[in-house]
Each structure stands twice: as C-alpha cells, then as structure tokens.
2 protein chains.
Amino acid sequence: MSIDEVVDRADRGRVTLQVIAGKLDVSTATVSLALRDSPVVAEATKARVQALARELGYIYNRSAASLRTARTNMIAVGFHDITNPYFAEMLVAVEETAAEAGRTILLGTYAESLERQERVLGTLKEYRPDGMILCPAGGATAESLNHLTAARIPVVQISREIDGVGLDFVGSDDEMGADLAIGHLVDLGHTRIAMIGGNDAISTGRARHRGYRAALQRRGLPFDPALVYMDYGSRQTGLAGIQAVLDLPDPPTAAFCFNDLTAFGALLGLRHRMREAGVDFSIVGCDDVQEAAQWYPALTTVRNHHAEMGRRAAELLIERIENPDLPPRRVLIAPELIVRASTVKR
Amino acid sequence: MSIDEVVDRADRGRVTLQVIAGKLDVSTATVSLALRDSPVVAEATKARVQALARELGYIYNRSAASLRTARTNMIAVGFHDITNPYFAEMLVAVEETAAEAGRTILLGTYAESLERQERVLGTLKEYRPDGMILCPAGGATAESLNHLTAARIPVVQISREIDGVGLDFVGSDDEMGADLAIGHLVDLGHTRIAMIGGNDAISTGRARHRGYRAALQRRGLPFDPALVYMDYGSRQTGLAGIQAVLDLPDPPTAAFCFNDLTAFGALLGLRHRMREAGVDFSIVGCDDVQEAAQWYPALTTVRNHHAEMGRRAAELLIERIENPDLPPRRVLIAPELIVRASTVKR
C-alpha cells in the first residue's frame with residue numbers, strides 16, 4: 001500500500017485521489033503528481049486533473065503531506081494569557097509572520113497554572129508541530145520543559161525566560177526599561193517612587209524589580225520596601241496597589257508599574273483617592289500596548305516592541321527548524337521611553 | 001506497507017514504533033497495539049512497551065492517528081480580531097471547552113480584511129480540522145464560505161452571522177440588548193441619546209442600530225440621524241464619535257455605544273471636552289468585558305455572556321462533527337443590563 005493509498009483510505013466520504021483518478025481513467029500516482037505540479041506528468045493531463053480537483057472541491061491533505069515530508073507546517077504557541085492585550089498583540093505578530101512563511105498556529109493557553117501548562121504542552125506536542133513558541137506560566141522550571149527538549153522539538157521562549165534551559169529567547173531588556181522609567185521620574189523631581197506589580201515567579205518580574213532597585217541606587221535614592229507592591233501584573237493589581245501605597249504614612253508621589261495593565265488599574269485607583277495622574281501624581285507603565293496612547297491622560301510608558309518580539313520569535317523558530325544545531329540565541333530588544341501625559345513635575 | 005510503517009518512515013530521526021519494536025524484539029504491530037492499550041496484547045508485553053516508550057520519549061503521532069480515524073481532533077478558529085478583549089475572552093472559552101473535549105485549536109486572524117479571510121480560511125482548511133468556528137470579517141457573504149460548505153466542513157458562526165448561509169450560529173439577541181440600554185437611559189430622563197459605533201457591514205452592527213431605532217420609537221422619541229456615528233467598534237471610534245456628537249448645535253446627554261471598546265474610548269473622549277460620565281453625561285456600553293467593571297467610573301453595559309457564547313459554540317460544533325445531518329441551529333443568548341457608575345439622571 002502506498003502513502004497515497006493509505007491517505008485515500010482514511011479520506012472516507014471525501015473527494016480523494018482515487019475518485020479523481022477513476023473519473024479521468026488515470027492512476028492515483030498520476031493524480032498525486034499532477035496535483036503537486038510534477039514535471040513528469042504531461043501538461044494536458046495535469047490541466048485536466050487540476051481542473052477536476054477544483055471542480056470537485058478536492059482539498060490538499062496536510063496529514064498526508066506531513067507523512068511525506070516529516071513536516072506539519074504547524075507552529076504551536078503556548079501563552080499563559082491572551083486576554084492581556086500585550087500578549088494578544090504579540091500573538092497576532094507571531095501568527096502573521098508564521099502565515100507569511102506558510103505556517104499555521106496551534107494555540108494553547110494556561111493562565112498561570114503549571115498543571116494546565118503541563119497538560120496543554122503535552123497535547124500540543126502530540127500534533128507534531130515543527131516547533132513551539134512559549135511564554136511559560138509563573139514558577140515554570142527547566143524541568144517543566146524537559147519533555148520538549150527530550151523530544152527534540154525546537155522551542156523559542158518569548159518575553160519570559162527560564163534560567164538554564166538552554167533554549168532560544170526573545171525578550172526586552174527589562175532592567176534597562178526600569179532604568180528609563182525611574183530616570184524620567186527622578187528628572188521630574190520625584191524621590192519617593194513606588195513599584196506596583198511584578199513578582200519573583202517570572203523573569204520579567206525579577207528583572208524589572210532588580211532594575212528599579214539599581215536605578216534608585218544609581219541616583220543616590222534609598223530603597224524603601226514599603227513602596228513595593230508585588231503581584232502578577234493586572235488591572236486589579238494596579239487598582240489595589242496604588243491605593244495601598246497612597247495609604248502609607250509617607251506616601252509616594254510617583255509609581256513605576258510592572259506593565260501597562262497594572263498602570264491602567266493604577267490610573268483608575270488614583271481617582272478613587274481623588275488624585276489624577278499628570279496633575280498631582282505620576283504613573284509610568286511598561287509595554288506600550290495600543291490602549292496606552294488612547295488613555296486620558298495618555299500613558300507615559302516603556303515601549304517593549306512586543307510586535308517586533310513576536311515577529312523575531314517566529315523568525316528565530318523558523319531558522320531553528322531549518323537548522324536544529326544552531327547554538328541557543330538570546331535576543332534582547334532595547335526598550336524606549338514614550339513620554340505622554342501621565343507624568344508631571346513633582 | 002501498513003499505516004504504521006508509512007508513519008514510521010515519515011518519522012525520520014525520531015523515536016518510532018520500529019525503534020521500540022527492535023529493542024524489545026516484537027513486531028511494530030504489537031508495539032502499536034500495546035501503545036493503544038489493546039486487549040489483544042499480553043499485559044506484561046504492554047507494560048514493557050509502554051515503559052520503554054516513556055523512557056525513550058516516544059510521542060504519539062496524531063498525523064498517523066488522523067489517517068486511521070479520519071479525525072484530526074483539531075478545531076480551526078477564524079476570528080477577525082483577538083486584540084479586542086471581547087474576542088480574546090471568547091477565544092479562551094472556546095479553547096478551554098475544546099481542550100476538555102480533547103480538541104486543540106488552530107488559529108487564524110484576518111482583521112476586517114475579506115482578502116486575508118479568504119487566504120486564512122483556505123489554509124486552515126488544508127489542515128483538515130474536524131470543524132471550524134468563525135467570526136467573519138465585515139462584508140463577508142454566503143459565497144465567501146461556499147468553499148467550506150462544499151468541502152462539507154462543519155462550521156459554527158459565532159457573534160456575527162451571515163444571512164442565508166444555513167450554518168449553525170451562536171450570538172446574542174442584539175436588538176434586545178439595545179432595547180435594555182435605551183430603556184435604562186430613558187428611565188433616567190434622557191431624550192437625546194446618541195449611538196456611537198457599529199456599521200452595516202456586520203450583523204451585530206445592523207441589529208444594534210435596528211434595536212436603537214426601535215427602542216426610541218417604542219418610547220415615543222424621534223430618531224435623529226445626526227446623533228448616529230457609524231464605524232467599526234474601537235476605542236478610536238468612541239474617542240472621535242463622542243466628540244463629534246458633543247460638537248453638534250443640539251448635543252445629546254447620553255450615548256449607547258456599539259461595544260465596550262467604543263464606550264472606553266467615549267469615556268476618554270468626554271474628558272477631552274471636560275465632561276465626565278456618571279456626573280454630567282451617561283454612557284452605556286455593550287459586551288461586559290472584564291475591564292468594564294474596573295473602569296472609573298465603572299461602565300454600565302449590556303452583558304452579552306461572551307464566555308458562554310464561546311462554550312456553546314464549541315459544544316454545538318462538537319455535536320455537529322458527531323452528527324453532520326443535524327438541521328442548522330441558531331442560539332440567541334439573552335443579554336442583561338449591568339448598571340454601574342457611568343450613567344446618571346439627566
């Protein structure tokens with residue numbers, strides 16, 4: 001039994017190579033070659049086969065193609081969260097770049113649950129994607145990706161990085177981003193600057209907190225742990241965190257937020273305390289999602305180039321699929337400060 | 001050549017059934033049956049095969065499984081936009097429901113471009129998904145989905161509906177939603193009520209505009225076309241639309257927005273005119289995305305139960321895959337009004 005025959009047998013009820021072959025009185029091999037535009041089939045026969053295939057609604061079978069080539073042309077994407085516009089916008093960039101290269105996205109999400117991540121990545125793997133792009137859940141370790149590396153599936157990590165896993169990574173230079181934010185606030189005269197959001201379970205949380213402390217130290221300002229409110233970056237964290245630090249005996253006059261979502265929550269939380277960013281308080285976000293420019297006040301933030309990050313991750317993965325023996329690459333994209341209306345002189 | 005052998009040949013460089021069979025000195029058929037837990041293989045042999053497969057990192061090959069069963073266990077999802085949290089949150093519900101039923105999501109997006117939609121749906125089709133869930137781009141016609149129905153691929157439309165296409169549909173009762181919004185505003189004493197966002201290219205745009213006009217008429221209020229600002233629902237549309245109607249000689253005192261994104265833009269646009277929702281203007285949104293409750297003022301909106309919509313769409317599709325001859329079903333979910341702080345007495 002040939003591959004084509006195996007595939008045809010599985011195509012019960014659909015238009016198959018055999019149906020086309022029968023109607024034109026040629027072999028299934030001829031039909032298969034004609035549909036792949038092989039030079040060994042006469043032009044006239046090819047034209048007849050291709051016209052009939054179109055007419056009957058024949059669909060190219062990628063399962064069969066993947067058996068021939070050992071490629072599925074699928075890229076699996078595992079993200080912890082796509083309801084954060086940062087990751088939704090990044091995913092669109094991954095998907096568009098993959099589509100341009102003839103690849104389609106298999107999607108799995110797992111919130112911040114390691115147990116769901118384990119299950120989702122296991123399932124995605126069974127579809128035999130040519131490679132994977134992952135943003136791991138908080139607390140993920142190198143061991144949690146061992147089953148992928150053992151199966152020699154090319155993997156690119158995006159945005160969040162697991163230490164010592166030896167895989168390609170594309171992210172932003174988060175310590176530099178924190179330094180840009182703190183530098184801007186210090187230039188405006190602020191000396192008590194809170195940090196809202198982010199935690200030690202994710203590399204971006206660790207790096208932005210490290211950057212915040214280093215930036216204060218570099219400018220001769222003391223570090224006050226009371227000004228740090230740690231949690232996953234969400235609107236809710238910003239809403240709660242800004243109110244918590246405003247209620248301190250010696251409150252801050254400015255805050256650097258872990259991400260834009262946290263900053264949007266903080267902008268709203270300020271109003272609950274009858275304060276307004278850009279008037280009597282300063283807020284700096286991190287990410288620059290589309291929404292940031294539309295806020296009133298428009299958000300001053302650190303642009304992490306997340307669409308570029310998505311594009312680069314897809315490109316790195318496609319290169320690695322072609323050339324699995326490349327050494328691991330670590331691409332850190334330099335962020336930039338976008339000054340808008342949510343920051344003001346002290 | 002058996003299916004297993006065809007598959008093994010395609011698995012160059014990976015741990016295959018043949019590798020396991022060779023190491024244990026049994027046939028590939030025995031390995032294949034043992035991995036599928038067949039009762040015809042002795043328990044002791046099964047245990048040895050399964051242990052070695054785990055140890056070597058053997059991955060179940062879904063391409064092969066799909067040749068055996070003519071099922072891929074993939075559900076293709078085509079959405080026009082996932083950066084709108086309404087669709088991102090809906091997609092998460094689709095994906096979680098599909099995952100519970102052992103299916104994985106193939107994702108394609110196409111903004112509002114019919115040309116991209118054509119290309120994306122054509123590619124998704126080639127992966128032989130067991131079915132598709134679609135939210136079509138604006139202006140899509142029954143003809144644009146003909147190639148899917150001709151190929152007898154089960155399709156469920158979600159949120160947006162194409163007239164006369166004869167496919168399953170899950171959406172909200174949009175005319176009822178508009179009536180709930182206008183009724184609430186009229187109860188608060190408003191008589192000049194704008195409608196911001198939505199257009200005739202999509203069924204939700206047509207239905208919400210129809211509902212707006214019918215609701216005014218039902219309450220004896222005149223329809224003034226100057227109060228209608230039509231465009232796709234986005235933050236930008238809300239920002240521009242609210243300012244356009246406020247600049248009229250006889251401006252409105254309230255607005256019903258096509259969706260929450262538009263309403264968030266309108267809340268910000270009001271501030272550009274030194275106005276504030278819930279104080280001297282009233283805004284009602286439509287969707288109730290997670291962000292709506294977090295705004296300051298928190299958004300009064302029409303809850304469309306979009307997570308429920310995602311779940312129901314996945315369930316309908318799985319039923320249709322099992323039973324392709326079911327008559328087309330049309331599920332309209334009743335919306336409800338959620339009164340928060342963005343509306344106030346005139």
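The model is predicted, so local features need pLDDT of at least 70 and side-chain atom pairs count only at pLDDT 80 or more, while totals for chains, interfaces and linings use all residues. Residues are numbered from 1 along each chain as its sequence is written, chains are lettered from A and ligands numbered from 1 in the order in which they are written, and side-chain values use heavy atoms, with hydrogens and water left out.

In chain B, strand S9 (residues 282-287) is mostly covered, with 6 of its 6 residues buried. Buried means under 20% relative accessible area (1.4 Å probe, protein chains only); strands (E, at least two residues) and helices (H or I, at least four) are DSSP runs numbered from the N terminus. Ser282(B), Val284(B) and Cys286(B) point one way from S9(B), and Ile283(B), Gly285(B) and Asp287(B) the other way.

S9(B) runs parallel to strand S8 (residues 254-257) of chain B, joined by 3 bridges; strands pair if DSSP finds at least two bridges between them. Here Phe256(B) stands opposite Val284(B). From S8(B) the chain passes through helix H12 (residues 260-272) of chain B to S9(B) in a right-handed β-α-β crossover, meaning that the path from the first strand over the helix to the second runs clockwise with the strands pointing away from the viewer. S9(B) is also joined by 4 bridges to strand S10 (residues 300-303) of chain B, again running parallel, and Asp287(B) stands opposite Arg303(B).

In chain A, helices H3 (residues 28-35) and H4 (residues 43-56) pack at an angle of about 85°, their axes 9 Å apart. Axes are lines fitted to C-alpha atoms over the stretch in contact, and angles run from 0 to 180 degrees between N-to-C directions. H3(A) and H4(A) are therefore roughly perpendicular (65 to 115 degrees).

Notes
Buried < 20%, exposed > 50% of the residue type's maximum accessible area, 1.4 Å probe, protein only. Parallel < 35°, antiparallel > 145°, perpendicular 65-115°, else oblique.
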